Amino acid sequence: MASIRRLVLDVLKPVEVATVSFARELSDLDGVDATAVRLVETDREVQNVTLVVEGEAVDFERVEACIESLGGTLHSVDEVVCGEFVPEEHVAHADATWLR
Amino acid sequence: MASIRRLVLDVLKPVEVATVSFARELSDLDGVDATAVRLVETDREVQNVTLVVEGEAVDFERVEACIESLGGTLHSVDEVVCGEFVPEEHVAHADATWLR
Amino acid sequence: MASIRRLVLDVLKPVEVATVSFARELSDLDGVDATAVRLVETDREVQNVTLVVEGEAVDFERVEACIESLGGTLHSVDEVVCGEFVPEEHVAHADATWLR
Amino acid sequence: MASIRRLVLDVLKPVEVATVSFARELSDLDGVDATAVRLVETDREVQNVTLVVEGEAVDFERVEACIESLGGTLHSVDEVVCGEFVPEEHVAHADATWLR
Amino acid sequence: MASIRRLVLDVLKPVEVATVSFARELSDLDGVDATAVRLVETDREVQNVTLVVEGEAVDFERVEACIESLGGTLHSVDEVVCGEFVPEEHVAHADATWLR
Amino acid sequence: MASIRRLVLDVLKPVEVATVSFARELSDLDGVDATAVRLVETDREVQNVTLVVEGEAVDFERVEACIESLGGTLHSVDEVVCGEFVPEEHVAHADATWLR
Amino acid sequence: MASIRRLVLDVLKPVEVATVSFARELSDLDGVDATAVRLVETDREVQNVTLVVEGEAVDFERVEACIESLGGTLHSVDEVVCGEFVPEEHVAHADATWLR
């Protein structure tokens, strides 16, 4: 089965749990080479962050479990890349509109 | 017959079928080297995703069958590249307007 | 006579003729190394696509004949490049306006 | 006298004269290595195109004569580069305004 | 435990404490290779700056202590990267909207 | 004294004096390796052009004299670079505003 | 103490003092390898310019003294980089908003 090379996840995390902890714990998982946690939006109690996890063989279930163990909630899976490299982004033309 | 090097497909998928499954199954097909699945829009039941599939010889029929086997629907074929490399994007000038 | 290195064509094609067919057939022409077909707009019967055809010696007449054989119509020739390389795009300054 | 390395010309051409002819004829001129012709705007009879001509020693008079021989009209000279390379584009700051 | 490779912090600092001091002191910390301090907004007493701190093993607690020792306040942790490299930025598609 | 490596000048020139002449004459000056002349705006009599002059040791006075000899007027000096290389452009953050 | 590698300064300068002089004098300072002076805004008497000064060991006090000696005023310190390289720019997400 093709391994996961890159995951981009939209996650809600408690303000009191440090962003550094998310980046560290996820980077320590087997098959993960690097993790970036970027703040998108913040509220009094909750922060919306984007997690980018890259590696030779990222284990989705372990990533999800790790997020939950830190009190986070997986809001959506924004991108998954499998295989040997990250395909180039597709720049949608003038929004391939539907004239139905 | 020239082989397909890159496919960009606009697909509707059931929310309950994991994005990871689409990326993995497509990457396991012969002739596919890498697959990216990117979320565009999501609803209670359905998600609109962009699939980018790249490889030396991508088999369109197999890709389509794989999508359907996972409960997805091919909404449109946004880009097809055949041959030895991916030609550079054309940046349309001030929208080559038609003054007819 | 200088050979054509790159063609960008605005084409209307019947929905029922597969985009893949256009990319494959054009890539099989002599002198063509790679072809990209990108969806711009779609209607119930017709799709507006951008064809980018690149090679050492692209034969314009054969490309046009191939498009017509697939039921397509050449809407406009958006870009033609001849010679040894593709010159850098010109970024028009604050739209070189005419204050006549 | 320093040679011209790059010319960007704004040209009006009759619709019935093929864009391919402009690209080919200009590329065949001595001192020209590559030519790109890009459609900007089109009307029933006339097309506004941008010509980018690059080479070791582009001859301006010959380029102009070639355009006219094909029924085109030189509308403006948008860019001329002389010397050993193409200097980097200047990104004007918040439009160096004049508060006079 | 995976080391921190890059930190991006949103910080409020007193106007009278030089930006140069923040950049210098942070760069002198063990595990830090380079620091950029960029002005975002300024008021009569307070400046809002973005701190980018990169190195093989950035120590978050020391960075925070250094900021406070200079009279600054950590406003938010905008980005944390752990592991072997900085993963590529995720370009969110047409704002992965939620049509609930 | 450090030499000038790059000059960007905002110049007004008579329409009847060819843009090519400006690019050629400036490129022929000692210490100049390349010149780009780009049209910004044009009127019935006058054209506003941006001159980018690069070289190992650009002589400002000679450049200015050359412009005047061709009937041009130096409107503003938009950029001057001295030293060993061209420093990277500074991308101002959300316009470092002043909340005074 | 970590050396300054890059300074970006917002400076007001008298119109009659040449921009070239600022670029030259700053480039002649010890520890400075290159300087760019870019016009942002101009008034009858005063010009607002951005100074980018790069080198192995830029001396902030000398830079400030040099600016003042030429009749300039340091308006703000927009960026300071210390250490071994210039960290990559942080692209703030959808403006990490605060929903307090």
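How far apart are the nearest C-alpha atoms of chain D and chain E?

1. In this predicted model, the nearest C-alpha atoms of chain D and chain E are 16 Å apart, and the two chains do not touch. Chain B and chain F likewise share no contact, with their closest C-alpha atoms 16 Å apart.

2. Glu89(D) is partly exposed at 30% relative accessible area, while Arg38(F), at 4%, is buried.

3. Within chain E, Glu79(E) and Arg6(E) form a salt bridge, their closest N and O atoms lying 2.8 Å apart. Glu79(E) is in strand β4 (residues 73-83) and Arg6(E) in strand β1 (residues 4-14), so the bridge ties together parts 73 residues apart in sequence. Both Glu79(E) and Arg6(E) are buried.

4. In chain F, Arg62(F) bridges to Asp30(F), at 3.5 Å between the closest N and O atoms. Arg62(F) belongs to helix α2 (residues 60-69) and Asp30(F) to the loop between α1 (19-27) and β2, 32 residues apart. Arg62(F) is partly exposed, at 43%; Asp30(F) is exposed, at 56%.

5. A network of salt bridges links Arg6(A), Glu54(A), Glu79(A), Glu89(A) and Arg38(B).

6. Glu16(A), Glu41(A), Asp43(A) and Glu45(A) make up a negative surface patch. Of these, Glu45(A) lies in the loop between β2 (34-42) and β3 (46-58) of chain A. Glu45(A) counts as exposed because its relative accessible area is 55%, and the cut-off is over 50%.

Note on methods
Residues are numbered from 1 along each chain as its sequence is written. Chains are lettered from A and ligands numbered from 1 in the order in which they are written. This is a predicted model: local features need pLDDT of at least 70, side-chain atom pairs count only at pLDDT 80 or more; totals for chains, interfaces and linings use all residues. Side-chain values use heavy atoms; hydrogens and water are left out. Patches are made of residues with over 30% relative accessible area and no salt bridge: like charges are joined within 9 Å, nonpolar side chains (Val, Leu, Ile, Met, Phe, Trp, Tyr) within 5 Å. Accessible areas come from the Shrake-Rupley method with a 1.4 Å probe; for residues, only the protein chains shown count as cover. A salt bridge is a side-chain nitrogen of Lys or Arg within 4 Å of a carboxyl oxygen of Asp or Glu. Lys and Arg count as positive and Asp and Glu as negative; His and the chain ends are not counted. The place of a charge is taken as NZ of Lys, CZ of Arg, CG of Asp or CD of Glu. Helices (H or I, at least four residues) and strands (E, at least two) are DSSP runs, numbered from the N terminus. Buried means under 20% relative accessible area, exposed over 50%, partly exposed in between (1.4 Å probe, protein chains only). Contact means heavy atoms within 4.5 Å.
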